Amino acid sequence: MLKRIGVETVLLATDLDACRDFYEGSLELPVVATGATSFTVQSGTSRIRVSRSTTGTRDQQTKCIWTVPDVRAVVTWLAMRDVDPLRYNGEDGIHTDKDGIAVHGSSLIAWIQDPAGNTLGIQQPT
C-alpha cells in the first residue's frame with residue numbers, strides 16, 4: 001500500500017529562521033508550507049520538513065541524501081553559496097579529499113550540515 005506514496009523527511013531545529021535561510025536561501029529550495037512550529041521545502045518530488053524542537057537534533061548520522069549525477073559540480077555550487085562540506089580524516093573509516101568528497105561504498109559522497117547540526121549527504125553512484 002505505501003510503495004507508491006512519497007515520504008517526507010522531518011528534521012529538528014532550535015532556530016527555524018536560521019534553517020529557513022539555509023534551505024530557502026543557500027540551497028535554493030522553495031518553501032511550500034509554513035506553520036507556527038515548522039516549514040517545509042520541496043526538493044524534486046520529495047519534501048523536507050524542519051520542525052522546531054527545544055533540544056534540536058541529537059544524532060550525527062546523515063538525515064537525508066540527494067543523489068546527483070556530478071557530486072563535484074554540486075560541491076562547487078555549494079561553495080559559491082558559502083556552504084562547505086564536512087571534512088573527515090579517518091573517523092569511521094571515512095577520508096574526504098581536498099574538495100570534501102569521499103569514496104563511500106559504491107558512491108562518491110559529500111556531507112554538509114544545516115544550522116541546526118543536521119547532516120545532509122550529496123552522493124554520486126559510481
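Predicted model: local features only at pLDDT ≥ 70, side-chain atom pairs only at ≥ 80, totals over all residues.
Trainee: Why is Ser 38 called buried?

Mentor: The relative accessibility of Ser 38 is 19%, and buried means under 20%, so Ser 38 counts as buried. Ser 38 lies in strand S3, and, leaving out residues up to four places away in sequence, Ser 38 touches Leu 16, Arg 49, Val 50 and Ser 51.

Trainee: What makes Ser 43 buried?

Mentor: Ser 43, which also lies in strand S3, has a relative accessible area of 16%, and because the cut-off is under 20%, Ser 43 is classed as buried. Beyond residues up to four places away in sequence, Ser 43 touches Leu 29 and Trp 66.

Trainee: Which label, buried, partly exposed or exposed, belongs to Glu 28, and which to Asp 82?

Mentor: Glu 28 stands at 48% relative accessibility, and since exposed means over 50% and buried means under 20%, Glu 28 counts as partly exposed. Asp 82, with a relative accessible area of 70%, falls over the 50% cut-off and is therefore exposed. Glu 28 is placed in the loop between H1 and strand S2 (31–34), whereas Asp 82 is placed in the loop between H2 and S6.

Trainee: What makes the phi of Glu 28 worth a remark?

Mentor: Most residues other than glycine have a negative phi. Glu 28 is not a glycine, yet its phi is positive, near 55 degrees.

Trainee: Why are S5 and S6 called edge strands?

Mentor: The open sheet is built from 4 strands in the order S5-S8-S7-S6, with mixed pairing. Strand S5 (62–67) and strand S6 (102–104) each have a single partner strand, so one side of each is left without a neighbour in the sheet, which is what it means to stand at the edges. Neighbouring strands of this sheet are turned against each other by 40 degrees on average, direction ignored. S5 pairs with strand S8 (residues 119–125) in the parallel sense over 5 bridges, and Ile 65 stands opposite Gly 121 in S8.

Trainee: How do you know that the buried residues of H2 are on the same side of the helix?

Mentor: Val 71, Val 75 and Leu 78 are the buried residues of H2, and they cover an arc of only 60 degrees around the axis, which puts them on the same side of H2. An α-helix has 3.6 residues a turn, so residues three or four places apart point the same way. The buried residues of H2 pack against S7 and S8.

Trainee: What makes up the largest nonpolar core?

Mentor: The largest nonpolar core has 24 residues, and Tyr 23, Val 50, Val 71 and Ile 112 are those with the most contacts inside it. Helix H1 (16–26), strand S4 (46–52) and helix H2 (71–80) are among the elements that give two or more residues to this core, and H1 supplies the largest share, 4 residues. Leaving aside neighbours within four places in sequence, the contacts of Tyr 23 include Leu 11, Phe 39, Val 50 and Leu 120. A second, separate core of 6 residues includes Leu 86, Tyr 88, Ala 102 and Trp 111.

Terms used. Residues numbered from 1 in each chain as written. Heavy atoms only, no water. Pairing = 2+ DSSP bridges. Axes fitted to C-alpha atoms, helices over the stretch in contact; angles between N-to-C directions. Core = buried A, V, L, I, M, F, W, Y, C linked by side-chain atoms within 4.5 Å. Buried < 20%, exposed > 50% of the residue type's maximum accessible area, 1.4 Å probe, protein only. Contact = heavy atoms within 4.5 Å. Arc of directions from axis to C-beta.
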